[in-house]
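This report walks through strands, helices, chain contact and core. Start with the structure shown here.

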Amino acid sequence: MTPPAAGARPVVLSIRDAALQRGGRELWAGLDLDVHAGELVAVLGPSGSGKTTLLRAILGLEPLSRGSVTVEGEAVEHRGSRSIGYIPQARPLPRDTSLRGRDLVTLGVDGHRFGFPIPRRGDRARVDALIDAVGARDFADRPVGLLSGGEQQRLRAGQALADDPPLLLCDEPLTSLDLANQQAVIGLIDRHRRDKDAAVLLVTHDINPLLGKVDRILYIANGRFTLGTPQEVLRSDVLTALYGAHVFVLRAGDRLVVVGAPDAEASHHHHDHGADA
Amino acid sequence: MNWNDIADAMFGGLPYYGEILALVSNSVWAGAVLGLVGGLVGVFVMQRDMAFAVHGISELSFAGAAAALLIGWDVVTGSIVGSLIAAAIIGVLGAKARDRNSIIGVLMPFGLGLGILFLSLYDGRSANRFSLLTGQIVSVQTGQLGWLIGIGAVVLLGLLLIWRPLRFDSLDPQSAAARGVPTTAVSLGFMLLLGLIVAVAVHIIGALLVMALLVTPAAAAMRIVSGPLSVPLLSALFGFVSAVGGILLAIMGTLPVSPYITTISFLIYVVCRVIGSRRDRVTRAARA
């Protein structure tokens with residue numbers, strides 16, 4: 001892993017002096033973050049620490065209580081943006097959803113367009129290209145409700161990449177996926193940032209599937225945060241200082257386990273959703 | 001009542017079918033428009049899990065129509081006002097499914113009760129009383145039929161204009177918002193269109209039976225197809241066949257239209273369910 005030399009590449013996402021309040025309580029304050037082109041930054045921290053809200057603030061869907069966000073040099077003012085790709089958590093779609101796999105991707109291409117639903121020239125080719133890019137050719141024409149969680153998540157990735165976004169935001173994109181599908185989805189995200197030199201900000205509760213891919217980690221806990229490379233952040237002394245409680249980072253083979261973090265989620269749990277019956 | 005009476009009630013008008021059909025041709029048109037547009041709207045009702053909301057809106061629409069009848073207003077206007085008030089309340093207060101269901105549960109008996117009160121106070125022709133609850137399209141006046149057809153056309157146009165953002169929002173509101181779809185406006189726009197088509201349906205099939213044209217056709221279509229075009233088209237076709245078929249069968253005799261429409265739409269659903277479950281079994285067997 002070679003972290004890109006900061007400053008050498010253009011800054012895609014810039015957050016300055018950001019603070020976030022929820023229900024009168026300050027979740028965190030004074031956050032400065034620059035994410036450069038081609039860089040993958042993971043956001044870690046216990047649940048309720050405002051990770052998802054940070055992504056929603058970058059998308060313009062929720063206001064920060066202080067500070068500013070700029071994407072590609074422009075302040076975020078509108079709700080939602082097509083130059084930001086957004087991959088949500090893998091929630092299984094209802095079985096009777098009246099869409100095929102390819103329609104999920106198509107929504108990324110034309111889902112924002114008002115007016116009579118007449119396809120534009122080039123739409124179909126674009127959708128086919130996206131389906132190939134996420135390796136969904138084999139199941140693109142089956143009803144989405146019958147696809148596995150991993151297959152659905154690949155299609156969501158295809159939807160998010162519709163406009164070749166220079167910034168990709170991922171909110172727990174690996175939750176409830178098995179290991180093979182986790183690797184497949186990470187592979188897609190990683191390839192997009194390399195091919196298109198895109199910046200990626202990825203919220204996760206388990207860093208292990210990303211080790212080797214992630215350049216820097218933003219660890220939010222206890223109203224504070226620390227930012228640095230995995231070697232700098234994932235250390236017992238650093239996290240102990242951050243949490244203000246004894247926290248241990250243990251190595252088990254090539255995996256890392258954070259032990260003793262108050263109010264943190266277990267570092268790796270796999271939800272059964274029974275969609276693969 | 002014996003079999004002869006029943007046969008007479010069902011088929012007594014057959015010798016004069018041509019003349020009767022000419023008399024009610026506008027009703028057939030109105031039924032056709034409602035069947036088609038109701039089928040299309042129903043697809044989104046199913047996707048957004050709003051079947052209960054349809055029922056809630058229709059009861060307030062009934063109350064509005066009954067109030068209009070009582071104070072001598074135009075009944076169609078009354079039903080639209082009631083519909084839109086209900087749709088707005090549900091749309092604004094019930095963004096989440098759970099909130100929505102409790103709000104509808106509260107509104108529905110209130111609306112129905114108000115409507116029954118207004119009808120009891122009204123001392124006009126008694127045929128008008130029942131028709132709002134159980135529908136009697138052939139008794140709607142020609143001028144009002146024109147209005148109903150016009151409103152149906154407006155709903156169709158509006159639905160087509162917001163079709164893609166509405167589909168995105170119905171499937172995944174978070175991703176839709178992230179990509180810049182104005183999800184709140186799209187949701188409220190849909191509630192407005194839903195309110196209008198429910199008001200039309202109240203006059204054609206009756207407040208209690210609105211779901212037969214706004215829910216059943218889409219539910220049936222979703223049993224056997226899954227494409228983004230095939231589901232709406234098939235649902236519209238089912239709605240059309242139920243509404244027009246119901247009217248054409250009913251005018252053979254003296255029975256009301258609504259039971260014919262609800263029965264056809266139900267039978268279509270049953271057939272689709274059987275086909276769907278048989279196909280499920282085949283695919284599962286093939287995969288195993």
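## A hairpin in chain A

The model is predicted. Begin with one residue pair: A:L250 stands opposite A:V257 in β12(A). The two strands concerned are β11 (residues 248–252) and β12 (residues 255–259) of chain A. They run antiparallel and are joined by five bridges.

The hairpin of β11(A) and β12(A) has two residues between its strands. Within this hairpin, A:G253 takes a positive phi near 65°.

## The six-strand sheet

Chain A holds an open sheet of six strands with mixed pairing. The order is β6-β7-β8-β3-β9-β10. The edges are β6 (84–87) and β10 (224–228) of chain A. Each edge strand has a single partner, so one side of each is left without a neighbour in the sheet. On average, and with direction ignored, neighbouring strands of this sheet are turned by 15° against each other.

How many bridges join β6(A) to β7(A)? There are four, and the two strands run parallel. Strand β7(A) covers residues 167–171. Across this pairing, A:Y86 stands opposite A:L169 in β7(A).

Helix α5(A) packs on the sheet. The strands that α5(A) touches are β3 (40–44), β7 and β8 (199–203) of chain A. The direction of α5(A) makes about 165° with that of β7(A).

Most residues other than glycine have a negative phi.

A:D197 has 16 other C-beta atoms within 10 Å. A residue counts as buried at 20 or more and as exposed at 12 or fewer.

## The antiparallel sheet

A second open sheet in chain A has four strands, in the order β2-β1-β4-β5. Its pairing is antiparallel. Strands β2 (25–36) and β5 (74–75) of chain A stand at the edges. Each has a single partner strand, so one side of each is left without a neighbour in the sheet.

Five bridges link β1 (residues 11–22) to β4 (residues 66–71) of chain A.

## Helix packing in chain A

Two packed helices are described by the angle between their axes and the distance between the axes. For α4 (residues 149–160) and α5 (residues 179–196) of chain A, the axes come within 10 Å. They cross at roughly 5°. Angles under 35 degrees count as roughly parallel, so α4(A) and α5(A) are roughly parallel to each other.

On the α4(A) side, the contact uses A:G150, A:Q153, A:R154 and A:A157. These meet A:N181, A:A184, A:V185 and A:L188 in α5(A). The residues of this contact divide into four nonpolar, three polar and one charged.

Helix α2 (residues 101–110) of chain A is mostly covered. Ten of its ten residues are buried, including A:R102, A:D103 and A:D110. What do the buried residues of α2(A) pack against? The partners are α3 (123–133) and α4 of chain A, together with α9 of chain B.

## The contact of chains A and B

The contact takes 27 residues from chain A and 24 residues from chain B. On the chain B side, α3 (25–47), α8 (142–161), α9 (163–171) and α10 (173–178) each supply at least two residues. Helix α9(B) gives the most, with six residues. The chain B side divides into 15 nonpolar, six polar and three charged residues.

## The nonpolar core

In soluble globular proteins, nonpolar side chains tend to be buried together. The largest nonpolar core of this model has 176 residues. B:V41, B:A201 and B:V210 have the most contacts inside it. Helix α11 (residues 183–204) of chain B provides the largest share, 13 residues.

Take B:V41 and leave aside its neighbours within four places in sequence. The remaining contacts of B:V41 are B:V155, B:L159, B:L193, B:L194, B:I197 and B:L214.

Technical notes
Residues are numbered from 1 along each chain as its sequence is written. Chains are lettered from A and ligands numbered from 1 in the order in which they are written. This is a predicted model: local features need pLDDT of at least 70, side-chain atom pairs count only at pLDDT 80 or more; totals for chains, interfaces and linings use all residues. Two residues are in contact if their C-beta atoms, placed from the backbone, lie within 7 Å. Ala, Val, Leu, Ile, Met, Phe, Trp, Tyr, Cys and Pro count as nonpolar, Asp, Glu, Lys and Arg as charged, and the others, Gly among them, as polar. Axes are lines fitted to C-alpha atoms, for helices over the stretch in contact, and angles run from 0 to 180 degrees between N-to-C directions. Angles under 35 degrees count as roughly parallel, over 145 as roughly antiparallel, 65 to 115 as roughly perpendicular and the rest as oblique. Two strands pair if DSSP finds at least two bridges between them. A nonpolar core is a set of buried Ala, Val, Leu, Ile, Met, Phe, Trp, Tyr and Cys residues joined through C-beta atoms within 7 Å.
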